[in-house]
Amino acid sequence: IAWRDSNAMLEMGRVLIVGAGATAAVAARRLRREGVSAERIVVWEALASVGGRFRSEMSSKDGGLTDTGAQYLTRVAACAVGEQGSAGDDMHEDIYKELQQVGLLRKMSGNIQGTRAADGDGESYICEEGMQALVEYMLTEAGVQVCCLRRLLQLKLVEDEVSVGFRTWEASFDGASERFGAVVLTQPVPQMLPLFSTGEASELLDRSGFRGKLRNVQFSSRYAMSLFFDEGDKARLDELLPFVGKYVGKDEDPDIVFISYDSAKRGAGIPSLMVHSSVPYGIKQAHHASHVHSESAAALQSSRCFRAEDEKSAAAIQPPRTQLSTTRTKAASLPTPLPDSEHFKT
């Protein structure tokens, strides 16, 4: 968003990108290719690391890894998402090529059970180093300044101190503020709308018609649980899990929407699994935040779709090391022991 003429403001001032996820990385890349110098682009990220929904979790032992956010990338035609182009034109073709050339992106192999209409029918790709590495690479290549642990608290239009008749955006954080010629907002909508609650910024959003569109965006709350196993458990896990990913139907389990045999998906690291809760489960647990980690771990562990068919042989597998994360208000990474059970549940 820019005040008055966007091109003029981009030439005169700095650009702030709020959030450091995949959208921010692509925006920084695009601005650099449009001629904006790296020194004039600043990225603010509220969390301690970049990645956003392209987040990867590390095990506290043995270097295990799971993708707790985006699981893979699926190529789609530009026309399929309303962009200009023919059926043969892929979105972000240049980005796919570059990421493959540097060895960060490769075609996904293995079986994905279940369906998700939003994926389309294009080829899917994974990152062996974790999806977060894609964001880290693009931001590094863009050469822009990234400030982590800096949450945007307020955004307002103020008179420019140099150019008469122009206004700039004053962005506030932790009792301080900086000014920018343009701002790119990439954070989740629930974090974005409060920035436009008062003043001219609010009026600008109303006049443009974007407030109503943003309010219509559906934003899901869900939990992600990562589980890490000993290397000796790999053979048995391969037998129990004939997939690298599975979309779970409501009739099969109301609390789980996706399971990833993450180490098999990436073909690297100690055995690891990742579980996404359903949205109804996430909303319900959000009302009990004080107990969310222990209760969620216990509830997810007891879900029906994780019970092994062969309980006796499965019981020999050691209890996994668990990390439970919520991305509703922050990304948490806490060691959470699972309760002992006579049944093996992933």
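K156 is partly exposed, with a relative accessible area of 36%. Buried here means under 20% relative accessible area, exposed means over 50%, and partly exposed lies in between (1.4 Å probe, protein chains only). The structure is a predicted model: local features need pLDDT of at least 70, side-chain atom pairs count only at pLDDT 80 or more, and totals for chains, interfaces and linings use all residues. Residues are numbered from 1 along each chain as its sequence is written, and side-chain values use heavy atoms, with hydrogens and water left out.

Salt bridges come next. Side chains of opposite charge can pair when their charged atoms come close. The criterion was a side-chain nitrogen of Lys or Arg within 4 Å of a carboxyl oxygen of Asp or Glu. Helices (H or I, at least four residues) and strands (E, at least two) are DSSP runs, numbered from the N terminus. A search of the whole structure gives 23 salt bridges. K156 takes part in one with E170, where the closest N and O atoms are 3.7 Å apart. E170 belongs to strand β11 (residues 167-173) and K156 to strand β10 (residues 154-159), so this pair ties together parts that are 14 residues apart in sequence. E170 counts as buried, at 14% relative accessibility. Salt bridges that share partners also join R29, R33, D94 and E98 into one network.

R33 sits in helix α2 (residues 22-33) and E98 in helix α3 (residues 93-101), so the contact links parts that are 65 residues apart in sequence. R33 is exposed, with a relative accessible area of 52%, whereas E98 is buried, with 17%. A further salt bridge joins R30 and E34, with the closest N and O atoms 3.2 Å apart. R30 is exposed at 55%. E34 is likewise exposed, at 55% relative accessibility.

Two strands were taken to pair if DSSP finds at least two bridges between them. The sheet has 3 strands in the order β10-β11-β12, with antiparallel pairing. β10 and β12 (176-180) are its edge strands, and each pairs on one side only. The twist averages 30° from one strand to the next. For such angles, axes are lines fitted to C-alpha atoms (for helices, over the stretch in contact), and values run from 0 to 180 degrees between N-to-C directions.

The antiparallel strands β10 and β11 are joined by 6 bridges. Across this pairing, L155 stands opposite A171 in β11. β11 and β12 pair in the antiparallel sense over 5 bridges. The bridge partner of E170 in β12 is R179, and W169 stands opposite F180. β11 and β12 form a hairpin with 2 residues between them. D174, in the turn, has a positive phi of about 45°.

β11 is mostly covered, with 7 of its 7 residues buried. R167, W169, A171 and F173 point one way from the strand. T168, E170 and S172 point the other way. Both sets are buried.

Helix α2 has 12 residues. At 1.5 Å a residue they should span 16 Å, and the end C-alpha atoms are 17 Å apart, which agrees. The expected span is 1.5 Å times one less than the number of residues. The buried residues of α2 are A22, A24, A25, A27, A28, R29 and L31. Their cover includes β1 (15-18), β2, α3, α4 (132-142) and β13 (182-185). G35 follows α2 and has a positive phi, near 100°.

I41 lies in strand β2 (residues 41-45). I41 counts as buried, at 0% relative accessibility. With contact set at heavy atoms within 4.5 Å, and neighbours within four places in sequence left aside, I41 touches V15, I17, A28, L31, R32, V36, V144 and Q145. I41 and G13 are 28 residues apart in sequence and 9.4 Å apart in space, C-alpha to C-alpha.
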